Amino acid sequence: MSRGYNLLFVLVTFLVLVAAVTAQGNRGSNNGGGRRPRFGFYGNRCRNVESIVKSVVESHVRSIPANAPGILRMHFHDCFVRGCDGSVLLAGNTSERTAVPNRSLRGFEVIEEAKARLEKACPRTVSCADILTLAARDAVVLTGGQRWEVPLGRLDGRISQASDVNLPGPSDSVAKQKQDFAAKTLNTLDLVTLVGGHTIGTAGCGLVRGRFFNFNGTGQPDPSIDSSFVPLIQAQCPQNGGTRVELDEGSVGRFDTSFLRKVTSSRVVLQSDLLLWRDPETRVIIERLLGLRRPSLRFGSEFGKSMVKMSLIEVKTRSADGEIRRVCSAIN
């Protein structure tokens, strides 16, 4: 009896998860008859889609480790502008790639190589939007993060305009961050969890220098920063030099909870990140993700859940709204 009950529970749990993914896809697509993202979408039409993307991402991350956070960041930037439709990949004088926040994106060649290999294996089948979504997952796994299943079936968008790029900023208040994420159907847990992705990657010195030298025009560093952390960043980002600084100092190549722990000790370079520790609601979530408060949350599994939700933002599923590109940098 107990064994039968356990099997029934597992089956019901799986069906609920599939239903949630489908429902989220319906909300994002705003259509009544198009294809919907789901697990195992390509089936026999492209059996090796995931292994091909993983192989390409692994090769590029091994040769240039910075490609891992680069691809993850690119996916975020794609989903927050016109939805997860690969529009950030399109080239052009006024495309999203030319917007100021996107000029430092990296990893475009990774997605293009994966697309070229998939076009040989499964011509005109796999979208660039799906490739980028898979690549972001693989980048996390390759740096030590937990794997999650990715629903597939997005189409590629045909519109990419720099004027549409309005992303969350490095000095945003918590209220502004919550507002921006809620506008994309993401809740506060998703916000904190996805910001935890800063455990890998770097930030440009131009984004952090003012906070460490002349906070709000005072001529002094932000007083909320750990005083022993200030000279370390000042040395890496002097007022007349420097390029980039680690978001998770000393653990930039490892996907773990190290970054969130640094948030609790005021040793993070972005003001928006530190403010999450000062807001009561987001502070509780950080504590739960770190196991400092019950009921605790597992960062790895929560990150995967939030990534799935983000990957279903405003997806294109009808041919009237999107296509399968031949190359990721240009519409057909």
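Me: What makes Glu-323 and Arg-158 a salt bridge?

Reply: In this predicted model, the closest N and O atoms of Glu-323 and Arg-158 are 3.4 Å apart, and because a salt bridge requires a side-chain nitrogen of Lys or Arg within 4 Å of a carboxyl oxygen of Asp or Glu, the pair qualifies as a salt bridge. Glu-323 belongs to strand 4 and Arg-158 to the loop between strand 1 and helix 6, so the pair ties together parts that are 165 residues apart in sequence.

Me: Why is Glu-323 called buried, and why does Arg-158 count as partly exposed?

Reply: Buried means under 20% relative accessible area, and partly exposed lies between that and over 50%. Glu-323 has a relative accessible area of 12%, so Glu-323 is buried, whereas Arg-158, at 36% relative accessibility, therefore counts as partly exposed.

Me: How do you know that Asp-279 forms a salt bridge with Lys-178?

Reply: The closest N and O atoms of Asp-279 and Lys-178 are 3.4 Å apart, which is to be set against the cut-off of 4 Å. Asp-279 sits in the loop between helix 11 and helix 12, and Lys-178 in helix 6, so this pair links parts that are 101 residues apart in sequence.

Me: How many salt bridges are found in the whole structure?

Reply: The search finds 23 salt bridges, and Glu-50, Arg-137, Asp-138, Arg-147 and Glu-149 are linked in a network of them.

Methods: Residues are numbered from 1 along each chain as its sequence is written. This is a predicted model: local features need pLDDT of at least 70, side-chain atom pairs count only at pLDDT 80 or more; totals for chains, interfaces and linings use all residues. Side-chain values use heavy atoms; hydrogens and water are left out. Helices (H or I, at least four residues) and strands (E, at least two) are DSSP runs, numbered from the N terminus. Buried means under 20% relative accessible area, exposed over 50%, partly exposed in between (1.4 Å probe, protein chains only).
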